[in-house]
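User: Please go through some local features of this structure with me, giving the cut-offs behind each term as you use it.

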Amino acid sequence: AARRPGSLWAQLRRGLTVRGVASWYGATRGYAGIAHVAMPGARYLVRGRAVPLARVCVGDRCTIVRVVDTCGCYVRTPRARVADLSWTTLRRLGLDPRRGVFRVNVTLIRG
């Protein structure tokens, strides 16, 4: 995983799959109940605007979600994350929030 927010987002924009650890959070303002993800280097997008879409996979379970916000995600630390999954995304993937973190693959499919 990239250590700098801009380089992570640049990898996705070039069509590369980013692999790493993701955590989860409730929701970004305006997106409660909608599957989405926050990623380092992305930016907050008001609901109703065109947003990037990403395929998020945990093992053999995948879903397509909106990329709607940035996250600190412990960038430049040993605990760095590639994404924060929304609660709705977590449920869509059938993940147990008690695990806390998950190994994910993220691919931008519409940027």
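User: In which loop is Cys-73 found, and is Cys-73 buried or exposed?

Analyst: This is a predicted model, in which local features need pLDDT of at least 70, side-chain atom pairs count only at pLDDT 80 or more, and totals for chains, interfaces and linings use all residues. Residues are numbered from 1 along each chain as its sequence is written, and side-chain values use heavy atoms, with hydrogens and water left out. Cys-73 is found in the loop between β4 and β5 (83-86), where strands (E, at least two residues) and helices (H or I, at least four) are DSSP runs numbered from the N terminus. Its relative accessible area is 7%, and since buried means under 20%, exposed over 50% and partly exposed in between (1.4 Å probe, protein chains only), Cys-73 is buried.

User: What is the phi of Arg-76, a residue that is not a glycine?

Analyst: Most residues other than glycine have a negative phi. Arg-76 has its place in the loop between β4 and β5 and, with a relative accessible area of 59%, is exposed. Cys-73, which is also not a glycine, has a positive phi near 50°. For Arg-76 the phi is likewise positive, at about 65°.

User: Which residues form the aromatic pair, and how many residues apart in sequence are the parts that the pair ties together?

Analyst: Rings of Phe, Tyr and Trp (its six-membered ring) pair if their centres lie within 6.5 Å, with planes under 30 degrees apart counted as stacked, over 60 as edge-to-face and the rest as tilted; by this rule the count comes to 1 aromatic pair. Trp-24 and Trp-87 form this pair, which is tilted, with 5.1 Å centre to centre and 50° between the planes. Because Trp-24 lies in strand β1 (residues 17-25) and Trp-87 in helix α2 (residues 87-92), the pair ties together parts that are 63 residues apart in sequence.
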